Amino acid sequence: MDALFDVAVIGAGPGGYVAAIRCAQLGLRTVCIEKEPALGGTCLRVGCIPSKALLESSERYVEARKHLAEHGVQVQGVSLDLERLLERKDKIVKGLTDGVAHLLKKNGVERLEGHGCLLPRAEDGHRIEVRGSDSAQVITATNVIIATGSKVADLAGVERCGDRIGGSTEALAYDAVPERLVVIGAGVIGLELGSVWARLGSNVTVLEYSERCLPMMDAAIGKRAAKIFKRQGLTLKFGVRVTGARVDGDHCVVEAEGQEPISCDRVLVAVGRAPYTEGLGLDQVGIETDERGRIPVDAHLETSIPGVFAIGDVVQGAMLAHKAEEEGVAVAERIGTGWGHVNYDAIPNVIYTDPEIATVGKTAEELEAAGVPFKEGSFPFMANGRARALGQTEGFVKILAHGETDRVLGVHMIGPRVGELIVEASMAMSFGASSEDIARVCHAHPTLHEVVKEAALAVDGRALHM
């Protein structure tokens with residue numbers, strides 16, 4: 001007999017498991033279907049969390065080798081224990097994935113391990129076949145939330161072998177520091193993991209098709225980031241169209257238009273991610289994907305089939321874990337209460353390089369293209385007392401406000417711990433704040449947050465400490 005649920009969530013990544021928990025909190029009988037034994041999706045298992053663990057460890061390594069002496073701390077004989085570094089990363093991942101399993105159980109969410117596939121609808125609800133390793137069962141749910149996430153995007157001419165030429169998953173677990181690493185793509189993944197292995201001793205070359213660094217971000221941020229990363233030892237090449245990569249004996253060869261072939265030990269393909277919708281049975285229920293493989297949804301994240309929703313990386317928008325979480329909660333509340341909402345204008349994006357990069361809202365280029373009048377103010381971390389005490393003075397905060405109403409339209413940062421600072425900007429924008437509103441808030445001294453206040457003051461030409 002088919003099991004009947006109020007909500008079936010396919011996928012247990014950040015969007016899926018959060019949606020399942022919120023549905024259960026609202027009193028809905030909920031099941032979460034996940035084909036991987038460990039919960040948490042790409043983010044927890046082979047994405048956000050393990051990469052941040054490696055970033056933190058690699059930064060500590062460089063600090064001990066090069067920067068502690070500036071603080072009067074003398075350290076001798078610093079060396080790298082890569083095996084232990086990777087073990088720490090794996091331990092963090094294990095703890096968090098186990099934590100997700102506990103949260104589902106605590107909230108009364110039933111978990112089914114297997115691949116979920118939509119079947120033609122029955123009279124009593126949507127049917128889903130769950131195929132496990134050695135068996136299959138069919139369940140029925142009044143509502144379905146598709147939260148299957150994304151996969152590493154392929155690049156024509158580059159065949160990933162899963163070892164020497166691979167994606168982010170492989171780059172999280174190299175068994176040795178590659179002497180020469182070529183990273184294809186200067187986006188978030190490429191810069192984060194490229195900087196990890198550069199700090200650990202690899203000679204890293206980053207090849208980017210676009211003409212500038214971080215093309216999806218404010219141009220001023222990308223320009224400053226490129227200068228900083230080059231000083232840190234990364235070789236950045238822009239306007240490069242990679243046409244092939246292959247394993248040749250004991251090394252790899254990367255080929256690009258107008259470039260000499262590059263010989264290296266490993267290749268990291270980081271050209272983005274693609275929605276993961278294979279085997280979901282979308283064609284069986286009448287759901288068509290768009291030209292990029294995404295599932296079209298309406299303003300309430302509902303597909304063309306009533307009662308079937310989609311969230312996260314499989315729908316339009318930034319591929320961010322916290323965006324998926326917000327959508328998961330919105331859909332759960334839509335199902336449970338009739339109302340749910342996501343403010344897409346206030347979703348921050350963070351790159352955890354050193355220094356960190358964070359942004360929310362519109363870029364100057366987007367505002368100019370749309371003909372929106374705006375004014376801007378920026379303030380450098382060099383002029384901030386807390387940043388000087390930390391010894392981390394690279395970067396700045398830039399605030400864009402409407403030229404007539406002063407309402408904040410975008411905030412862009414590069415500097416120490418801006419992944420935390422961006423929350424202030426996101427909250428301000430969520431409440432429709434003006435730059436003057438931010439400027440009039442009393443900020444504790446000495447803190448990095450004062451740079452946000454000074455940038456807000458600078459919008460009106462009245463920064464106090466410059």
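I take two strands as paired if DSSP finds at least two bridges between them. The model is predicted.

Five strands form an open sheet, running 8-15-9-10-11. The pairing is parallel. I then checked the edges. Strand 8 (165-166) and strand 11 (235-238) sit there, and each pairs on one side only. Strand 8 meets strand 15 (residues 266-269) over two bridges, in the parallel sense. I noted that I165 stands opposite V267 in strand 15.

**Salt bridges**

I counted salt bridges next and got 25. I picked out R29 and E110, whose side chains meet at 3.8 Å, N to O. R29 lies in the loop between helix 1 (14-25) and strand 2 (30-34), and E110 lies in strand 3 (residues 110-113), so this pair ties together parts 81 residues apart in sequence. R29 has a relative accessible area of 44%, so I log R29 as partly exposed. E110 is also partly exposed, at 35%.

Strand 3 (residues 110-113) came up again. I found E113 in a salt bridge with R111, with the closest N and O atoms 3.7 Å apart. E113 is partly exposed at 46%, and R111 is partly exposed at 31%.

I then turned to E257 and R241. Their closest N and O atoms are 2.8 Å apart in a salt bridge. E257 is in the loop between strand 13 (251-256) and strand 14 (262-264). R241 is in the loop between strand 11 and strand 12 (242-248), 16 residues away in the chain. E257 is partly exposed at 48%; R241 is partly exposed at 40%.

Last, I traced shared partners. D163, D175 and R266 join into one salt-bridge network.

Key
Residues are numbered from 1 along each chain as its sequence is written. This is a predicted model: local features need pLDDT of at least 70, side-chain atom pairs count only at pLDDT 80 or more; totals for chains, interfaces and linings use all residues. Side-chain values use heavy atoms; hydrogens and water are left out. Helices (H or I, at least four residues) and strands (E, at least two) are DSSP runs, numbered from the N terminus. A salt bridge is a side-chain nitrogen of Lys or Arg within 4 Å of a carboxyl oxygen of Asp or Glu. Buried means under 20% relative accessible area, exposed over 50%, partly exposed in between (1.4 Å probe, protein chains only).
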